[in-house]
Amino acid sequence: MVNRTRGFMLNGHLQISPPLTVKGGDFEDPQLKTKLGFGGGIQVGYGITSLIMPYINLDVSKQDSDVDGLEGDFGVSHVELGARFNFQQGGAVVPYANVGVGARGLGADVDVGEGMQELRLTGGHVVVGGGVQYFFKRKLAFDAGVQVGFGKFDKLEFDGDEVDVEGSDNVVSSRIKLGLSWFPQAR
């Protein structure tokens, strides 16, 4: 029997990140908005069985500002700990679903009339997603998936000072990922 998804897994991916909007709480006016962006990341997992794989995911995207009077780019980062559930074994195509928790950040260098200053928002989120892997070699697979995170931003750091803020409304951050997964212990 082919057992492709047990043991260590290393994934590198490129991603498309749709726009996101931070509003509500202390973010009523002005809202923070980004445009479509691109980025990449890595995911490391370990298949306990061929069906269940705990993982850690790290990625970042660059997204232009969509706020009037605020020029430049935002960096949007995600750090997640989760589990991937594989649905089919034995064939070259392995669909999966995943769920996890993590932290995300939205940062930029902004000019508010006093020179460039660092702005960073952070908060926790829950992520759900799914995708499919296509094994073109025993130990290598193309991996295409979608991740959707739900959560609030509740910490603001501006020019080195960190403050708690009244949390934003739920902010959805989604990512469309395309990459390669390597399973060195695949049999």
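**Side-chain contacts in the model**

Author: The side chains of Arg175 and Asp59 are joined by a salt bridge, at 2.8 Å from N to O; a salt bridge is a side-chain nitrogen of Lys or Arg within 4 Å of a carboxyl oxygen of Asp or Glu. Arg175 belongs to strand β11 (residues 171–182) and Asp59 to strand β4 (residues 52–65), 116 residues apart. Strands (E, at least two residues) are DSSP runs numbered from the N terminus. This is a predicted model, in which local features need pLDDT of at least 70 and side-chain atom pairs count only at pLDDT 80 or more, while totals for chains, interfaces and linings use all residues. Residues are numbered from 1 along each chain as its sequence is written, and side-chain values use heavy atoms, with hydrogens and water left out.

Reader: Is Asp59 buried or exposed?

Author: Buried means under 20% relative accessible area, exposed over 50%, and partly exposed in between (1.4 Å probe, protein chains only). Asp59 has a relative accessible area of 5%. Asp59 is therefore buried.

Reader: What is the angle between the planes of Phe135 and Phe183?

Author: Rings of Phe, Tyr and Trp (its six-membered ring) pair if their centres lie within 6.5 Å; planes under 30 degrees apart count as stacked, over 60 as edge-to-face and the rest as tilted. Phe135 lies in strand β7 (residues 116–135) and Phe183 in the segment after β11, so the pair ties together parts 48 residues apart in sequence. The pair is tilted, with the centres 5.4 Å apart and the planes at 45 degrees.

Reader: Over the face of which residue does Arg84 lie?

Author: A charge sits over a ring if NZ of Lys or CZ of Arg is within 6 Å of the ring centre and within 35 degrees of the ring normal. Arg84 lies 3.8 Å from the ring centre of Tyr96.

Terms used. Helix = DSSP H or I, 4+ residues; strand = E, 2+ residues; numbered from the N terminus.
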